[in-house]
Every structure is written in structure tokens, then in C-alpha cells.
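Visitor: I would like to learn how to read a structure like this one. Could we go through it feature by feature?

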Amino acid sequence: MTDVAESPSTRWLYAPETIIVSGCLIALIAFGVRSTAGLFTAPISDAHGWGREVFGFAMAMQNLIWGLAQPFAGMIADRYGAMRVVMVGALIYGAGTALMAFADSPGVLFLGGGVLMGIGIALTSFSIIMAAFGRLVAPEKRSWSFGIATAASSMGQFVFAPLGHLFIAAYGWQNALLLLAASTLLMIVLSVPLGASKGGAARGEREIDLSMTEALQRGFGHGSYLLLISGFFVCGFQIAFLTVHLPAYLVEHGISASLAAWAIGIVGLFNVIGSYFAGIYGGHASRRQGLVFIYLARSAIIAAFILLPVTAISTVLFTASMGLLWLSTVPLTVGLVTLMFGTRYMATLYGFVFFSHQVGSFFGVWLGGYLYDRYGTYDPVWWLSIALGVFAAIVHWPIREQLAASFAAPAPR
Amino acid sequence: MLAREHRLALGLFLSLLLAALVATVIAVRASALPDEASGKMLAVFDPRLDEQAMFAALVRAGGRPLRRTWLSSVWVVAGDTPGFAGSLRQAGAIGAYGELPISPELAGCFAYADARTRELFALRP
């Protein structure tokens, strides 16, 4: 299972359970700390007398840089292994978070909260963790491991968002940022078990050996990969739109703040469950069909929600069902990348799929606000989300769920 | 009987919840107002208490109940007497807070809820 020589004294360190737990904790911290970033909008803006757009720009930059850096982070992880990438990423992530505490000009905030945090997240994100799991976990447990890593990331926001809030209240926003920065450094220690693989293909699996450029050329020349990339754009669009605009929509339709708060908690909880079970499902059934189902189901659920009167019951049903479908696309999408191209270039090739997701996220957030301001209602974006869900189901349908011919290893002589 | 991997997942999930709970308790305690504080503040009660019992406790502490928040066991109350926060605790409140930042967060891969969202749920006196 591992690339490193195992002595009895280090066997526990590279045991599958240790690898899974440490990888999940890294995913949790990486995703969790960033989910607290928005909490600092008011304290930082007020402390420096900046408009909210300064902080908003830093966060937009962070998301964009994360998306842009992800394929490159993947290339480094595929070449040198996840451990080193996560270690460097944790340092950059921590430095960026700490720098936010001392930012006395917008430029420093953009550098810390935007550039450094964005790069740090890319280097420690669940994309890197799942690529490591792909190499280190037995093939029959691979999809499950993608599911638990996604679920752990989802837990991250569940754990860190309220804690971040409380840290600000208890210790002040600057100390809260420093505490969060310190917690990112835990990822350095947690990454050690991932050192069981130094990159390359999973042990025991015969995979083609290509240069990175060649792997990318072959990947982008594979039709199913392009379909997967275009479909994942929709995931980003829908989730980001709901993330930012759902609470306001609920309150606008007469749902109490109390219920809206519960509804959002329900999304978070069901997201953990949905991600985990999507991983299990992907290990036993067609990932492509799973994705088709998820996108069609999202469209149907959104349509029902906006066509029926918005009530307490419809809100709870909507948020629970959307929660189940929230990040459940991730284990299946990662699983398809692994199936089509193997594990050797997995982090890189998934990185490009993920970039498409982030572009979709940008449009989901931006168009949600833009069309609302223009038409005074969220209806156009809801309908766009529904149409995009159908589009995603259509583009996933013809995906060939098999190893790409251009990535087949030559037969041994 | 759960398979080994599901037991691992469940154990991890429960451990994380426990760790989060401990960290939350520590942070909540650290964010409480000192006993000598006075003015407008949030009073937090045991959620099992009924509305009348909470109201009576606020009055007993010498405060003016202003409103109940969206969390039914959290009240906004004003009291000008020095030591009002301590009186609230003596009257049965779990704690007194300047701000109780309980705000659910949604996160996809673009986890950044805007300020408007947070304002919807902010608990401030």
C-alpha cells in the first residue's frame, strides 16, 4: 500500500486508518479556516475605515487564486507527493491568515487574505488529499475515501464557522485570526502519514508514464474529460449562488431568521451525510449515472421549491434535500477522473476540473447579485440554475466510464 | 454490524463533534461579560425554562427586558446598576454577553457568505 519502507515502529504512522484520519483532518482544517474568512468583513473594515468592497475583493481574489493555483498545486503533488505540498501549503496558509491580522492597507490585505490564503488553500485542499488517498488507499476503498474526505471538508465549516465567530467575541478579531493561523500549522504534523507516497502511480497499478505536458495534452484531447469539466462548472454555479443568496431569499419570503438559520444548519449537516454516501455509492455503481441523477434532482428540487409557496416545511425539505446533493458531486467527479486517467496525474487533471467549478462559482455569486439588482427578484437566477442542472445532466450522460485509451499502459513485453 | 470503514468514519465524526463542543464551551466562557458589566446586553438562559421564568429572572436582576431574540432562550436586556451582569447570573441566567455571534454558515467551494447574510442572524443587544 505504501511507497516507503515500513519498520515496526512506523507501521502505525502509515496504516490506512492513520492516513485516512490525518487526511480528513487536513481537509477539515483547510476548508474550515477559509469558511470563517467572511466573519472578518465587519471587524477589519470597521477597524481600518475601509468600505466592505475592499474585503470582498480580497475574498474574491482568494477564490480566484485558489482555482487558478489548484492545477499547479496538483502538478507539484503528482510529482513530489502530497506531504511536501501540504507542509508548504500550511505555512503559506498560516502566513496569509496571520497577515490579515496585521494588514494596515488594502494591498497587504489582498496579499494575505487574497494571494497567500488562496495559494495555501490550493496546496492543502481536499483535491490534494483525495489524490493522496487515490494512491494510498486500496482501489476497492478509493471511492469511499473520496467520500469521507469530502464529508470531512464539509464538517470543517460546521466546526470552524461558529468557533471563528466565538473566537472574535472572546479574544478580539486579531487574536482570532492568529488562532486560526495557528490551527492551519497543525496540517504540517498531520501531513506526515501522507508521506507514505512520494507521488507517481499507486503501488501495484500499471499506469502510463508521461511528461506532464503530454498528460495534459492527452487529457484535454479526451472528450469525456471536457464534458466533465463543463458539467462541474454547473456544480460551482448552483452551490455558490445558494451559499450567498439563499439566506436573503428565505428571509425575503417571510421565513423567520430563526428558521433560516436552522435551514442553513440543515444544509451543512445533510451535506456531510450526502458526501459520505456519494463516496460509498461511487464504489459500487456508475459514477456517471450518479452525477446525472444529482444534477437532474437539483433542478427538480429547485423548480419545486420556487414554484410552490415558500413555507417552513418547504424550506426544511428543500434545504435537507439540497444538502444531500451539495458536495456529493465531488467524490463521483474525482472518481471519474481517476477512472479515466489513473492516479499518476490525478491531482493535476482534477485541478483543471476544479478550476471550471470555481469559474462557475464566480458566476453564481456575481449573476445572483447582478440579476437581483436588475430585476428585483432572484427568479431569473433560479431558472438559470434549473436550466444549467439539466445541461449538466445532458453533458454527463455520454461520458465514457472507462480508462482513456490514451492513458492505457503499454502491455508488458 | 457496521463495516470497519464506517466505524472509522463514525468515530471520526463523533470525535470531531466532541472536540468542537469543548472548544465552543471554552470560547463561550471566555466571551462572557464580567460580573461588573452593566448596560444593554444579551442574557442567555437554559432553553428548558419557559418564557415567564426567563422574564421574571430578568426583572429580579433589576433589568428591563427589551426583546427576545430569534433564539428563544436569549434576551436583550438593559440594566444600569453596576454589577448587573453578575446579578443576571445570580438570578438564573447562564451568562451575559455583549454579542453572541451564532451565525450558521453555508459553504460550498466558494465559502464566503456576504455581510447581509450575517446580519440576518447576528445576536446583538
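Guide: Start with burial. A residue is buried if 20 or more other C-beta atoms lie within 10 Å of its own, and exposed if 12 or fewer do. Keep in mind that this is a predicted model.

Visitor: Which residues of H6(A) are buried?

Guide: The buried residues are A:Phe126, A:Ser127, A:Ile128, A:Ile129, A:Met130, A:Ala131, A:Ala132, A:Phe133, A:Gly134, A:Arg135 and A:Leu136. That makes 11 of the 11 residues of H6(A), so this helix is largely enclosed by the rest of the structure.

Visitor: How do I read a nonpolar core?

Guide: A core is a set of buried nonpolar residues joined through C-beta atoms within 7 Å. The largest one here has 148 residues. Those with the most contacts inside this core are A:Cys24, A:Ala27, A:Ala82, A:Val86, A:Ile128, A:Ile129 and A:Ala149. Helix H10 of chain A, residues 223–252, gives the most to this core, with 18 residues.

Visitor: How do I check the length of a helix?

Guide: Helix H7 of chain A covers residues 139–171, which is 33 residues. At 1.5 Å a residue, H7(A) should span 48 Å. Its end C-alpha atoms are 46 Å apart, which agrees.

Visitor: Where does H7(A) bend?

Guide: The bend is at A:Phe160, by about 25°. A proline, A:Pro162, follows within four residues. Just after H7(A), A:Gly172 takes a positive phi of about 90°.

Visitor: Is H7(A) mostly covered or mostly open?

Guide: Mostly covered. Of its 33 residues, 29 are buried.

Visitor: How do I read a contact between domains?

Guide: The domain assignment of chain A gives domain 1 as 11–196 and domain 2 as 212–400. Taken over C-alpha atoms, their centres are separated by 21 Å. The contact takes 30 residues from domain 1 of chain A and 33 residues from domain 2 of chain A.

Visitor: Which helices supply the side of domain 1 of chain A that touches domain 2 of chain A?

Guide: Helix H3 (52–80), helix H6 (126–136) and H7 of chain A each supply at least two residues of that side. H7(A) gives the most, with 13 residues. By class, this side of domain 1 of chain A has 15 nonpolar, 11 polar and four charged residues.

Visitor: Where does A:Leu190 sit?

Guide: A:Leu190 is in helix H8 of chain A, residues 173–190. This leucine is buried, with 24 C-beta neighbours inside 10 Å. Beyond four places in sequence, A:Leu190 is in contact with A:Ser22, A:Leu25 and A:Ile26.

Visitor: How do I summarise the fold of chain B?

Guide: Count elements, then read their order. Chain B has four helices and four strands. Along the sequence, the pattern is α-β-α-β-β-α-β-α. Of the 125 residues of chain B, 35% count as buried.

Visitor: Is B:Leu14 buried or exposed?

Guide: Exposed. B:Leu14 has 10 other C-beta atoms within 10 Å, and 12 or fewer count as exposed. B:Leu14 is in helix H1 of chain B, residues 4–31.

Visitor: And what about B:Gly98?

Guide: B:Gly98 is in the loop between strand S4 (95–97) and helix H4 (115–121) of chain B. With 16 C-beta neighbours inside 10 Å, B:Gly98 counts as partly exposed. Outside four places in sequence, B:Gly98 touches B:Leu33 and B:Met41.

How values were computed: Residues are numbered from 1 along each chain as its sequence is written. Chains are lettered from A and ligands numbered from 1 in the order in which they are written. This is a predicted model: local features need pLDDT of at least 70, side-chain atom pairs count only at pLDDT 80 or more; totals for chains, interfaces and linings use all residues. The expected span of a helix is 1.5 Å times one less than its number of residues. The bend at a residue is the angle between axes fitted to the seven residues ending there and the seven starting there. Domain bounds come from an automatic or database domain assignment. Two residues are in contact if their C-beta atoms, placed from the backbone, lie within 7 Å. Ala, Val, Leu, Ile, Met, Phe, Trp, Tyr, Cys and Pro count as nonpolar, Asp, Glu, Lys and Arg as charged, and the others, Gly among them, as polar.
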